[in-house]
Amino acid sequence: MTTGNEWNCSGNGNFNDVYIRSDKRLKTNLVKIGSALDKVNKLNGYSYDKKFSLDATEYSEKEDGLIAQELHEVLPNSVNEDKETSVLTISGSGVNALLVEAIKELTARVKELEAK
């Protein structure tokens with residue numbers, strides 16, 4: 001389904017590569033994600049069975065990932081709700097940004113410990 005410059009579809013996709021528009025010229029009010037390690041520590045990675053929709057009765061796919069409701073607690077801008085189905089979706093680039101900042105916080109801690 002296409003609406004203006006937005007393209008929406010239901011279901012899953014399998015792509016060779018996906019590029020997300022991330023040009024700095026498209027952004028303003030840049031604020032680094034703070035307390036990233038604390039946020040990551042509130043998340044859990046899961047393996048689970050997944051169904052195609054809220055109405056489906058069969059859990060037909062195995063998957064690994066995060067739970068959108070948990071991510072929303074620590075990084076709300078990285079979770080969106082589908083207006084038609086009310087299903088929550090996760091921004092992979094938002095999760096990546098959180099992990100980059102958490103790694104940088106850990107690196108700073110390691111350097112501090114190594115300096116002692």
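This is a guided tour of a predicted model, taken one selection after another.

Residues are numbered from 1 along each chain as its sequence is written. Because the model is predicted, local features need pLDDT of at least 70 and side-chain atom pairs count only at pLDDT 80 or more, whereas totals for chains, interfaces and linings use all residues, and side-chain values use heavy atoms, with hydrogens and water left out.

**Helix α3 and what covers it**

Begin by selecting residues 92-115, which form helix α3; helices (H or I, at least four residues) and strands (E, at least two) are DSSP runs numbered from the N terminus. The helix has 24 residues and reaches 35 Å from its first C-alpha to its last, close to the 34 Å expected at 1.5 Å a residue, where the expected span is 1.5 Å times one less than the number of residues.

Within α3, colour Gly94, Val95, Leu98, Glu101 and Ala102, which are buried; buried means under 20% relative accessible area, exposed over 50%, and partly exposed in between, with a 1.4 Å probe and protein chains only. An α-helix has 3.6 residues a turn, so residues three or four places apart point the same way. Then display α1 (36-41), α2 and β6 (88-90), which are included in what covers the buried residues of α3.

**The nonpolar core**

Next select Ala36, Leu37, Leu43, Ala68, Leu71, Val74, Leu75, Val79, Val95, Leu98 and Ala102, the eleven residues of the largest nonpolar core. Such a core is a set of buried Ala, Val, Leu, Ile, Met, Phe, Trp, Tyr and Cys residues joined through side-chain atoms within 4.5 Å. Helices α1, α2 and α3 each supply at least two residues of this core.

Step back to Ser78, in the loop between α2 and β5 (79-81). Is Ser78 buried or exposed? Its relative accessibility is 6%, so Ser78 counts as buried. With neighbours within four places in sequence again set aside, the contacts of Ser78 are Leu71, Thr89, Ile90, Ser91, Gly94 and Val95.

**Glu70 on helix α2**

Move to Glu70, placed in helix α2 (residues 68-74), which counts as partly exposed at 22% relative accessibility. Leaving aside neighbours within four places in sequence, Glu70 is in contact with Leu43, Asn44 and Tyr46. To follow one of these, draw a distance between the C-alpha atoms of Glu70 and Asn44, which are separated by 8.0 Å although the residues are 26 apart along the chain.

**The loop between β2 and α1**

Turn now to Phe15, which lies in the loop between β2 (6-7) and α1 and is exposed, with a relative accessible area of 55%.

Ser35, which lies in the loop between β2 and α1, has a positive phi of about 50° although it is not a glycine, and is partly exposed, with a relative accessible area of 43%.

**Salt bridges**

Finish with the charged pairs. A salt bridge is a side-chain nitrogen of Lys or Arg within 4 Å of a carboxyl oxygen of Asp or Glu, and by this rule the count comes to four. Among them is the pair of Asp23 and Arg25, whose side chains meet at 2.5 Å, N to O; Asp23 is partly exposed at 29%, while Arg25 is exposed at 73%.

Then select Lys62 and Asp49, which form a salt bridge with the closest N and O atoms 2.8 Å apart. This pair links distant parts of the chain, with Lys62 in strand β4 (residues 61-65) and Asp49 in strand β3 (residues 46-50), 13 residues apart. Lys62 counts as exposed at 71% relative accessibility, and Asp49 as partly exposed at 41%.

The last stop is Glu63 and Lys50, whose side chains meet in a salt bridge of 3.2 Å, N to O. Glu63 lies in strand β4 and Lys50 in strand β3, so the pair ties together parts that are 13 residues apart in sequence. Glu63 is partly exposed at 24% relative accessibility, and Lys50 is partly exposed with a relative accessible area of 30%.

Technical notes. Contact means heavy atoms within 4.5 Å.
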